[in-house]
Amino acid sequence: TQIDSYFRYMPSRSVDAQSGKVEILEGDTEYSYEFKAFDKLLLKLSLDNKYIGIENTTTVKLPAHLVGLTTDIETTFPFFNVDKTYLSLGVSPSFYGDDWSFRTSGFRLPSRAFLIYQPTEKWTFLAGVAFYPDFENEVLPILGFIYKPNDKLTFEITPKRPNISYILNDKITLFAEGGSTFSEFEVSRDNLKNVVLRYREIHLGTGIKYKVNKFIESSLSCGGIFGRSLKYRDDSLGEVDIKNGTYAELRLEIKI
């Protein structure tokens, strides 16, 4: 069992082409459990709860908060008789809205399929595709690799959370990481229901991770955030392009 939780704070920044500012607080908690079915099939079950709080003083009306609830099932197994190659399949039934009473119209069913090739203990390669029905971009590639040249240094350049880490000692790990958000939420806007609001951002930063004990690790990181926007799918409802800024993130990982 693993719990991965973080809070990311993005201070108030002005926006392009209009007055006002936007401040964002993002939080996410994922609970996951891995086990082997029939002693062969690796299964991972997870539950993810996302929250985005928005403090907005622009002329565009935005929800005070966005929420997402996702369950995920992933399985990994050998890819036929191809040596050192595995196939991973995943599906993520999800609700995306602006309150905690999720509407059926906000239901989405993202899925993914990718190959894992591990020619040596140092190298792992990923390649596949992710499907996002009813999203703006319905198909996206999955490409990445993991390289461990030694016991201390790891390059984990994968879509979910690309990072480079260096183990300084038994307690402290230094890292640089990046990531992005391309999410869509169904929200209410005045008397309109089920309006799609898109949230986009890219972030890059560096930080330090501290191993409290064999079960708990905490990390603190900061960096820059770019390309942020909150845009309604219906252009007439407006959009907010937030200027580049900074962020600070606190993360806690628990493994039981």
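Trainee: Arg8 and Glu26, are those buried or exposed?

Mentor: Both Arg8 and Glu26 are buried. Keep in mind that this is a predicted model.

Trainee: Which strands does the Arg8 and Glu26 pair tie together?

Mentor: Arg8 sits in strand S1 (residues 2-14) and Glu26 in strand S2 (residues 21-37), so their pairing links parts that are 18 residues apart in sequence. Arg8 and Glu26 form a salt bridge, with the closest N and O atoms 3.5 Å apart.

Trainee: And what about Glu249 with Arg8, how far apart are the closest N and O atoms?

Mentor: For that salt bridge it's 2.9 Å. Glu249 belongs to strand S17 and Arg8 to strand S1, so this pair ties together parts 241 residues apart in sequence.

Trainee: Why does Glu249 count as buried?

Mentor: Because its relative accessibility is 2%, and buried means under 20%. Arg8 counts as buried because it comes in at 4%.

Trainee: How many salt bridges does the count come to?

Mentor: The count is 23. Another one of them is Glu217 with Lys209, closest N and O atoms 3.8 Å apart. Glu217 counts as partly exposed, at 23% relative accessibility.

Trainee: Switching to the surface, which residues make the nonpolar patch of about 540 Å²?

Mentor: Tyr166, Leu168, Leu174, Ile208, Leu220 and Leu250 make that patch. Leu250 lies in strand S17, residues 245-255.

Methods. Residues are numbered from 1 along each chain as its sequence is written. This is a predicted model: local features need pLDDT of at least 70, side-chain atom pairs count only at pLDDT 80 or more; totals for chains, interfaces and linings use all residues. Side-chain values use heavy atoms; hydrogens and water are left out. Patches are made of residues with over 30% relative accessible area and no salt bridge: like charges are joined within 9 Å, nonpolar side chains (Val, Leu, Ile, Met, Phe, Trp, Tyr) within 5 Å. Accessible areas come from the Shrake-Rupley method with a 1.4 Å probe; for residues, only the protein chains shown count as cover. A salt bridge is a side-chain nitrogen of Lys or Arg within 4 Å of a carboxyl oxygen of Asp or Glu. Helices (H or I, at least four residues) and strands (E, at least two) are DSSP runs, numbered from the N terminus. Buried means under 20% relative accessible area, exposed over 50%, partly exposed in between (1.4 Å probe, protein chains only).
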